Amino acid sequence: MNEVRLSTTTVLQRPRHLLGIEPLTAEQITFILDQAKPFQEFQRHPLKKLATLRGKTVALAFFEPSTRTRISFATAAARLGADTMNLQAESSSLKKGESLIDTVWTLEAMRPDGIVIRHASSGAPDFIARRVDMPVVNAGDGTHEHPTQALLDALTIRDRKGRLGNLNVTILGDILHSRVARSNIHLLSRFGARFTLSGPAMWVPKELECLAPHVRRVSRIEEALHGADVVIVLRVQSERIHEPPVSLDDYVLRYQLTPERLGLAKPDAIVLHPGPIIRGLEIDPAVADGPQSCILEQVTNGLAVRMALLFHLVSGAPPDAPHPAKENAA
Amino acid sequence: MILVKGGRVIDPASGTDAVADVLIDGDRIARIGQAISAPDAEILNAAGAVVAPGFIDLHCHLREPGQEISETIESGTRAAAAGGFTAVCCMPNTQPVNDNAAVTRAIVERSASAHTRVWPIGAASIGSKGEALAEIAGMQDAGIVAVSDDGRPIATAKLMRQVMDYCRSLGLPVIDHCEDPSLAAGGVMREGPRSIRLGLKGIPAASESICVGRDVEVAALTGARLHIAHLSTRASLDHVRAAKANGLAVTCEVTPHHFTLIDEDVVYDTSHKMNPPLGSRDDRAALLDGIADGSVDVIATDHAPHHPASKDVEFDRAPFGITGFETAMALALSELLHTKRISLARLVELFTTGPARVLGIERKLAAGSPADVTIFSMDYKWTFGASESASRSRNTPFDGREFRGAPMVTIVAGRVVFRRAATAAA
């Protein structure tokens with residue numbers, strides 16, 4: 001049998017993998033966000049290419065369709081100077097019956113320095129991390145976690161609100177099936193956030209209240225928005241709408257984030273959405289394009305966060321190494 | 001001849017609990033008594049060990065015919081013997097399904113050289129598809145001891161009524177895997193805080209108890225003998241208790257993994273994936289109470305071997321099931337006896353007269369009885385290693401677990417089929 005080489009899901013001072021937010025401490029999260037900061041500046045630089053990871057290769061293994069996350073990781077790797085190996089579900093040998101672990105071992109045999117995994121099965125990155133000898137980054141697994149999304153959301157919130165502590169966070173939509181919601185709850189709860197979850201009851205099961213302290217469920221969106229500092233709108237996964245059946249028209253009627261409803265939140269509340277957004281379904285275009293919306297900042301911050309992660313997980317640099325973006329600017 | 005000397009003889013059928021010698025002659029027990037002398041006999045020194053009637057496993061999967069990559073009758077019964085079992089009841093979900101006398105006969109013939117007795121369970125419906133009744137009488141003549149569509153529930157209340165009516169006339173028990181497939185669909189673990197945290201699709205507890213409730217009602221309608229397989233929830237147990245209180249012939253079994261582990265123990269390791277899934281802490285507490293108060297009749301393994309290639313995959317893609325023969329008794333000793341939840345006699349009953357009553361047979365240690373004997377230590381310290389298992393499969397959450405108490409010698413029809421290496425009892 002293939003030997004299980006390393007189990008590093010435990011919280012190390014310096015984690016080898018990023019499998020989820022749940023194992024991370026507030027200090028580790030703050031470190032990543034601080035490291036992402038100079039990379040935010042860097043995105044405005046006219047020449048967006050560093051040599052930090054020159055000669056390194058990052059495998060991007062996307063076993064589930066993805067556009068924005070895959071492009072974000074590929075761009076982050078490129079701007080650090082790394083090469084990428086791309087695997088997409090459509091073109092993979094999975095269709096020929098190869099198992100996940102055989103596919104990953106095949107990629108590993110080409111000697112990448114790290115692997116980024118998106119997979120429809122919860123726990124797939126954890127499964128892989130116990131069987132390969134390279135850093136594993138979870139780019140979204142099933143309905144489990146999407147840690148880089150939570151990190152980029154946290155960076156966005158910290159920029160706009162000036163803090164991560166003492167926030168009322170309202171999450172709207174299909175929370176049961178949302179890995180983004182889980183990662184956000186794990187992350188922001190490290191800093192003491194209070195959560196209000198709202199959506200059709202079958203998408204907001206009571207067990208969600210066990211994910212963190214200070215999680216409550218509210219049936220009416222108007223009540224859920226009252227006093228919110230941060231509103232996270234989740235995409236209505238219409239490909240999943242049959243399970244359980246919810247009429248889209250009903251959803252718009254009861255749960256769409258409209259300007260009137262947003263008015264019930266604090267005046268300086270911000271609106272986040274992990275994308276892709278469906279205008280006119282979960283969010284009114286006036287909100288998506290309004291001053292409280294952070295949707296495009298989130299996308300830019302995604303690059304900064306992913307560059308910081310790849311730099312630290314793939315380069316092997318010590319935590320106190322000089323920051324490549326600062327070094328370059330100097 | 002074999003003379004088992006100086007063991008603590010526990011025989012639930014007669015209420016015996018005494019140090020005695022057991023003399024086996026041929027395939028029968030010749031005598032039980034004090035200071036038996038038999039100069040020609042092979043002596044098994046059982047001092048400090050327990051000598052019990054042969055353990056019966058009412059629920060296992062031997063995978064033959066059809067899935068020999070995962071298990072065979074030979075490898076499965078070798079593992080069963082190592083677990084102290086002298087007879088195992090194999091479920092019909094083989095390939096082809098054991099739904100006719102030809103398949104039953106093939107299993108019986110292949111079992112002639114097995115390490116334990118093999119008592120097949122026949123399918124209730126053709127192909128276990130839940131449509132038409134299988135050839136149950138034909139299978140009965142070929143050797144089945146019960147019927148079940150295990151792996152799935154008997155599909156509808158109407159079919160269950162037919163199966164029960166028919167089996168009542170044949171004198172066979174009906175065993176059901178209770179699950180509402182519409183509620184359970186797509187689920188891979190028990191629905192609850194842990195499934196939400198792991199992002200794994202949950203199976204609600206009600207999926208099982210709804211079906212148990214249905215079956216108990218149909219048992220009341222027909223008067224048939226109903227046995228609930230791998231019962232795992234408090235609500236299911238409440239149905240069984242109520243049925244017993246009403247005088248119905250309803251029994252149930254609990255697996256060692258369900259009385260040992262809970263949903264909070266589940267990690268992304270497919271050796272934690274089985275059906276029914278591991279229940280809540282409260283369910284486990286209910287099962288332990290039921291085992292202690294007699295509501296639970298049987299401990300059964302649901303030994304479900306799967307080849308590593310099929311289990312070493314993403315959690316939601318793996319098949320359900322774990323192996324169980326070699327750890328069942330040790331888990332019962334660790335979790336039930338050493339914790340003082342039940343007595344030694346009750347523990348033996350759960351593996352012997354309990355399953356025997358479900359099957360409508362006797363199980364005892366007495367002169368003239370078949371020489372099926374399980375000898376075990378309550379204190380022997382050992383560590384279970386899946387890689388050393390006699391099973392062809394390795395899918396167990398108990399790999400590396402340390403135990404106090406173990407099967408030492410297993411005797412089937414007067415023949416020693418298992419002897420623990422460096423055993424204190426031999």
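**Figure 1. The two domains of chain B.** In this predicted model, chain B is divided into domain 1 (2-51 + 369-419) and domain 2 (54-359). The centres of domain 1 and domain 2 of chain B, taken over C-alpha atoms, are separated by 25 Å.

**Figure 2. Where the domains of chain B touch.** Domain 1 of chain B puts 30 residues into the contact, and domain 2 of chain B puts in 45 residues. Look at the side of domain 1 of chain B that touches domain 2 of chain B. Strand 17 of chain B gives the most, with seven residues. What classes of residue does this side of domain 1 of chain B have? There are 17 nonpolar, eight polar and five charged residues.

**Figure 3. The largest nonpolar core.** This core has 114 residues. Those with the most contacts inside it are B:V22, B:V51, B:V147 and B:I375. Helix 12 (residues 325-337) of chain B supplies the largest share, eight residues. Both domains of chain B take part: domain 1 (2-51 + 369-419) and domain 2 (54-359) each give the core at least three residues. In soluble globular proteins, nonpolar side chains tend to be buried together.

**Figure 4. A second core.** This core is separate and has 111 residues. Among them are A:I115, A:A181, A:A193 and A:A228.

**Figure 5. The fold of chain A.** Chain A has 12 helices and nine strands. Its radius of gyration is 20 Å, close to the 20 Å that the globule rule gives for 330 residues, so chain A is as compact as a globular protein of that length. Along its principal axes, the C-alpha trace of chain A spans about 55 × 50 × 35 Å. How much of chain A is buried? Buried residues are 47% of its 330 residues. Now take the contacts in chain A between residues at least 6 apart in sequence. Of these, 74% join residues at least 24 apart.

**Figure 6. Where chain A meets chain B.** Chain A brings 20 residues to the contact, and chain B brings 15 residues. On the side of chain A that touches chain B, the elements giving two or more residues are helix 3 (100-108), helix 4 (124-129) and helix 6 (179-189) of chain A. Which element of chain A gives the most to this side? Helix 4 of chain A does, with three residues. By class, this side of chain A has nine nonpolar, seven polar and four charged residues.

Key:
Residues numbered from 1 in each chain as written. Chains lettered and ligands numbered in written order. Predicted model: local features only at pLDDT ≥ 70, side-chain atom pairs only at ≥ 80, totals over all residues. Contact = placed C-beta atoms within 7 Å. Helix = DSSP H or I, 4+ residues; strand = E, 2+ residues; numbered from the N terminus. Nonpolar A, V, L, I, M, F, W, Y, C, P; charged D, E, K, R; others polar. Core = buried A, V, L, I, M, F, W, Y, C linked by C-beta atoms within 7 Å. Buried ≥ 20, exposed ≤ 12 C-beta atoms within 10 Å, placed from the backbone. Domains from an automatic or database assignment. Rg over C-alpha atoms; globule rule 2.2 N^0.38 Å.
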